[in-house]
Amino acid sequence: MIALALVLRPKFVVADEPTTALDVLVEAQILGILADLKRNFDTALLLITHNLGIVAESCDRVAVMYAGKIAEIGDARDVFSEPAHPYTRELLASTISLSTTELHYIPGAPPDLASPPSGCRFHPRCPSAMQVCASRNPIEVPTPAGTRVSCWLHGPHTELGPDDTRPLEREELSLADEA
């Protein structure tokens, strides 16, 4: 597919998980080819991946999605240096580096997309969830860093009542619930 893309000199390429299940050497070669395609043929590249390292290395802009909705979008450097959405923060905390001493995970399980939770889809797992998160979809707002985020923590505050900002009380998850 990459060879075909090079031959046809496309203006736009969608690469869905192009490095999944590849060893690091082949992964680096594929990323190099995609970078050459962008640079030499002025091709726009939409990279779909769960690998935040690849996104940080290869992308100018990033959209972080949770359960089919964009949670945060903006310049990749800004999103990674100042993550505004709790899911983005949790994802970045879950990455492994040489300084990692223990693994971080997001409690709970991803939602059933056939019957997603009401309100913000991340609210059942969100450490910052408020009452409004369980009942109303968040509204996308700009952040001071220049990104855009869909999270009630960032407003619009004119849409929130006094009870909306109370922390959401949740049940304690058992180990079986998390598995």
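The model is a predicted one, and its chain contains six helices and six strands, which follow one another along the sequence in the pattern α-β-α-β-α-β-β-α-α-β-β-α. Taken along the principal axes, the C-alpha atoms fill a box of roughly 60 × 40 × 35 Å. When contacts between residues at least 6 apart in sequence are considered, 49% of them join residues that are at least 24 apart.

The largest pocket has a volume of about 690 Å³, and its lining is made up of 23 residues, among which Leu47, Thr49, Val55, Val62 and Ala63 lie nearest the centre of the pocket. By residue class, the lining divides into 15 nonpolar, four polar and four charged residues. Several elements contribute to this lining, and the table lists those that each supply at least two residues to it.

| Element | Residue range |
|---|---|
| Strand E2 | 44-48 |
| Helix H3 | 52-58 |
| Strand E3 | 61-66 |
| Helix H5 | 86-93 |

Read against these ranges, Leu47 belongs to strand E2, Val55 to helix H3, and both Val62 and Ala63 to strand E3, so named here by the residue numbers of the DSSP runs.

Definitions and conventions. Residues are numbered from 1 along each chain as its sequence is written. This is a predicted model: local features need pLDDT of at least 70, side-chain atom pairs count only at pLDDT 80 or more; totals for chains, interfaces and linings use all residues. Side-chain values use heavy atoms; hydrogens and water are left out. On a 1 Å grid over the protein atoms alone, a cavity is a set of points where a 1.4 Å probe fits but cannot get out, and a pocket is an open set with protein on both sides within 12 Å along at least five of seven lines; lining residues have an atom within 4 Å of a point. Grid points are joined across faces, edges and corners, and a volume is the space filled by probe spheres set on the points. Helices (H or I, at least four residues) and strands (E, at least two) are DSSP runs, numbered from the N terminus. Ala, Val, Leu, Ile, Met, Phe, Trp, Tyr, Cys and Pro count as nonpolar, Asp, Glu, Lys and Arg as charged, and the others, Gly among them, as polar. Contact means heavy atoms within 4.5 Å.
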